Amino acid sequence: MVEIICKKIIAYSLGTRIVQLELKSPLIAKKTLPGQFVVLMVSEKGERIPLTVVDKDEERGTITLIFQEAGFTTRSLGSLKEGDFLYALVGPLGNYTEIKNYGKVALVGGGVGIAEIYPVAKALRKENNHLITILGARTKDLLILEKELKQVSQELYVTTDDGSYGRKGFVTDVLQELLTIHYALNAIELIYAVGPVPMMKGVSQIAKDRGIKAIVSLNALMVDATGMCGCCRVTVDGKTKFSCIDGPEFEAQSIDWEELGKRTKMYQDKETHICKLYNR
Amino acid sequence: MRKEPVKVKEINIEERTKSFKEVVLGYTEEEAILEAKRCLQCKNPTCILGCPVGIDIKKFINQIAQKDYEGAYCTIREKNNFPSICGRVCPAEYQCRKACVLTKRGSIFASFEAINIHFLERFVGDWGMININSKSEALNPKVKGIKNLNLKFRDKRVAVVGSGPAGLCCAGELARRGIAVDIYESLHKPGGVLRYGIPNFRLPQEILDSEINYLRELGVEIMTNFVIGKLKTVDELFKEGYSAIFLGLGAGIPTFLGIKGENLCNIYSANEFLTRVNLMFAYKFPDYHTPLNIGERIIVIGGGNTAMDAARSALRLQVMNRIKPDVTILYRRTESEMPARRLEIAHAQEEGVKFKFLVQPQEFVSDKQGFLKGLVCLECKLGEPDDSGRPKSIPVPGSDFLLETDLVIVAVGLRANQLLTRVTPELKVDKYGDIIVNPETMETSLKNVFAGGDIVGGEGTVIEAMGMAKKASASIINLLFP
Ligand SMILES: Cc1cc2nc3c(=O)[nH]c(=O)nc-3n(C[C@H](O)[C@H](O)[C@H](O)COP(=O)(O)OP(=O)(O)OC[C@H]3O[C@@H](n4cnc5c(N)ncnc54)[C@H](O)[C@@H]3O)c2cc1C
Ligand SMILES: Cc1cc2nc3c(=O)[nH]c(=O)nc-3n(C[C@H](O)[C@H](O)[C@H](O)COP(=O)(O)OP(=O)(O)OC[C@H]3O[C@@H](n4cnc5c(N)ncnc54)[C@H](O)[C@@H]3O)c2cc1C
Ligand code: SF4
Ligand code: FES
């Protein structure tokens, strides 16, 4: 049983909430590295869902998760209070990000994917990379971690779909523009992107056109997250890979995006049903 | 002496598919005695050689015939920690029963006449579960080899990684001798395949729970949600003061077919399908929150126990959801080459699972949303025997045909779980990723690290996993108390 030490609603807009939880888990706090994730179960009857470890505090023995209340499980998780307990928490899982000095790195985060680029950004900064960070949200109220990322980035750009803050448009628009106007060919060594599938797909296309290496962290559906079930499989370079043990990071250009997009919608009907049923 | 074997009672076929209740009810006392009395008590009992752990089958059967159930229980427990489990899942027709002299010569598996050793073992195991607890057993002089429960060994600690049959067995063997054992398990519940793979209608979880509770009574600690290799390394375990480590990691990675479209929606590995059902209780959705799609025309690919379990589970899910049952198993050879337990094949057939032999999947076909809609197959014919000794299945060019289906479960085998071995490079593995051990001692290339079960032998059986674990536990005891 894992205790919730601290809970904050860090963004809210029209029924959508982004929640931050700090969980007691000294061992995971000690071991986890940027890019890795945990799997948790809210209750004994719950499903197992993966969430990225956004931050950790070894002294307090805690880890921080940030998630958007999307379906039944994330909403149940969001309804817990400080002092409540989770039924299960396992981690750290997945491979960690390769952190080294690349030079100039463009970090692209969309929606709650911003949470996932944060630990990577901090680690890359420590290695003296020049960070160009591009954040995208549906609307101003749903933008998270802007302040935190500003502190570690040399440049920071914000886009919103509705134009309520930053630039109106998508992160890919800014990336495209930076690459054509502000930076010479090959000036950016790496693009690291996390967000909704269409966004990552867009980033992948841009990177491909320019011949820049792009790494994405995939959010495939998972069950055990130890390689046992094959639920998280993706087609990478025409071959089947398991996101949980081979990933979650892959080179963007080798992903079959269409397939991934479809697979993550496999249980949409069921989720709508359970959400209606419990009316949450 | 009675010639006809005593048939084991089962719940009737209509009832079966409506739930996940156990199908085989097991022998009553009278039936067990009748069956036990059929045993010829051979002078040179060959059945014992057929059992991977060498249970004194002749003796325990005789003890049943004499109504000495406690004696029978002790006889079995000398060699096998989990008789209630093996009595339910052992492929006895390839092991002890095949070696029984009543089996007709030359058959590939035990014939009907062979003594139903596994059902007798189950009877005794279940009897013991009710009548004997860990303390009375540990102190019971009839149980050889375990009477030296000795607290002076308490300063020796052993870590067991994985809580499948191999891990549980090794932990039990050590704990019964008073050694402190901690089991580390990555899932949230212990049991390995016994928990997430084998369905309740074959092995009720209460039986597994009861065996695991028994280990806890012996003082075994089970740390769930704990991945060794990630949260702690093998080195770190030694630094914490463990004297030896046993690795029972299992063969946890499902193989796929490597054909076009295999990642479409509604194509499951048997492991995923069964895990959702057994470990996560997806069949109780939405009360339990893990979803599972069911499908109207289900195809299961494979011919082993995993395929049977997946097919029978899928059929039950259809019935429980008022969908007309329609499950077909595709296998590339014929029925006699199927590696599954014969009883499971028979049960699947009785319950309405259809079989299509001599076919090979070629390509999955999708609808616009990325959901599966059909499977193109090739017909096959049997050729010369291959390495496995079974005739090779040879696809016939140009024989392709389309099967309509909206859900496929792939059950074509498992590979070694590499979560730990990948991050422990000093631990030698073979080209399949299986851990290399000294077969006499089960010691790995790492000092004081032992291994057993599917991570060593590749996909095997529960009793084989336990056999290796016993060997390893004996080596660990030798190591700790030279
Ligand atoms: C390695 C990894 C790390 C992740 N880290 C985070 C994180 O830090 N923060 C966070 O908010 N989410 C993260 N996710 C995604 C998160 O696991 C899912 O959002 C969650 O499982 C949804 O569960 P649910 O029952 O609440 O929603 P569901 O009801 O399952 O889903 C709601 C909607 O989202 C879609 N959906 C479901 N699962 C996913 C998914 N994995 N990716 C994309 N769409 C999905 C469904 O089709 C549905 O439309 C991560 C996923 C992975 C694989
Ligand atoms: C569906 C199915 C049906 C079967 N039916 C039968 C049958 O009827 N009869 C029969 O004899 N055999 C059957 N088998 C085969 C049998 O189940 C296996 O041979 C046996 O379970 C192997 O035992 P094991 O202990 O080696 O591994 P497993 O049972 O696979 O257990 C390994 C355990 O280790 C855990 N683990 C792995 N890595 C780590 C790590 N790094 N840290 C912590 N924990 C870890 C896993 O989560 C798992 O719980 C079946 C197999 C399947 C899949
Ligand atoms: S453990 Fe298996 S092989 Fe051995 S006697 Fe029992 S049923 Fe037969
Ligand atoms: S989630 Fe089961 S194999 Fe990756």
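Guide: This is a predicted model. Over all chains, the structure holds 13 aromatic pairs.

Visitor: What is the geometry of the pair formed by A:Phe242 and B:Phe256?

Guide: A:Phe242 and B:Phe256 are edge-to-face, with 6.2 Å centre to centre and 85° between the planes. The pair crosses between chains: A:Phe242 belongs to strand β16 (residues 239-242) of chain A, while B:Phe256 lies in the loop between β5 (253-254) and β6 (267-269) of chain B.

Visitor: Which strand is joined to β16(A), and by how many bridges?

Guide: Strand β15 (residues 233-236) of chain A is joined to β16(A) by 4 bridges, and the two run antiparallel. Within this pairing, A:Val234 stands opposite A:Lys241.

Visitor: Let us turn to ligand 1. Which residues come nearest to it?

Guide: There are 25 residues around ligand 1, and those that come nearest are A:Pro50, A:Ile66, A:Thr74, A:Asn219 and A:Glu271.

Visitor: How much of the ligand's accessible area does the protein cover?

Guide: On its own, ligand 1 has 860 Å² of accessible area, and the protein covers 85% of that.

Visitor: And which elements give two or more residues to that shell?

Guide: In chain A they are β4 (49-52), β6 (62-68), α2 (72-78) and α9 (268-278). Of the elements, β4(A) gives the most, with 4 residues. By class, the shell around ligand 1 has 13 nonpolar, 8 polar and 4 charged residues.

Visitor: Where does β4(A) stand in its sheet, then?

Guide: The sheet is open and has 3 strands in the order β4-β3-β8 of chain A, with antiparallel pairing. β4 and β8 (88-93) of chain A stand at the edges with a single partner strand each, so one side of each has no neighbour in the sheet. From one strand to the next, the twist averages 25°.

Visitor: How is β3 of chain A joined to β4(A)?

Guide: Strand β3 (residues 37-41) of chain A is joined to β4(A) by 4 bridges, in antiparallel fashion. There, A:Phe37 stands opposite A:Thr52 of β4(A).

Visitor: On to chain B. Which residues come nearest to ligand 2?

Guide: Of the 35 residues around ligand 2, those that come nearest are B:Val89, B:Glu185, B:Arg202, B:Ile228 and B:Asp454. B:Arg202 has a polar side-chain atom 2.6 Å from an oxygen atom of ligand 2. A polar backbone atom of B:Ser186 is 3.2 Å from a nitrogen atom of the ligand, and one of B:Pro165 is 3.3 Å from an oxygen atom.

Visitor: What surrounds ligand 3?

Guide: Its surroundings include B:Cys51, B:Cys90, B:Cys96, B:His118 and B:Glu121. The largest share of the shell, 3 residues, comes from helix α8 (residues 117-131) of chain B. By class, the residues around ligand 3 are 8 nonpolar, 3 polar and 1 charged.

Visitor: One last topic: what is the strand order in the open sheet of 5 strands in chain B?

Guide: The order is β3-β2-β1-β4-β16, with parallel pairing. β3 (221-223) and β16 (449-451) of chain B stand at the edges, each with a single partner strand, so one side of each is left without a neighbour in the sheet. Strand β4 (residues 244-247) of chain B is joined to β16(B) by 3 bridges, and B:Phe246 stands opposite B:Phe450 there.

Definitions and conventions. Residues numbered from 1 in each chain as written. Chains lettered and ligands numbered in written order. Predicted model: local features only at pLDDT ≥ 70, side-chain atom pairs only at ≥ 80, totals over all residues. Heavy atoms only, no water. Near = heavy atom within 4 Å. Areas by Shrake-Rupley, 256 points an atom, 1.4 Å probe, with all protein chains shown as cover. Nonpolar A, V, L, I, M, F, W, Y, C, P; charged D, E, K, R; others polar. Pairing = 2+ DSSP bridges. Axes fitted to C-alpha atoms, helices over the stretch in contact; angles between N-to-C directions. Phe/Tyr/Trp six-rings, centres within 6.5 Å; stacked < 30°, edge-to-face > 60°. Polar contact = N/O pair within 3.5 Å; in protein donor to acceptor, adjacent residues only side chain to side chain.
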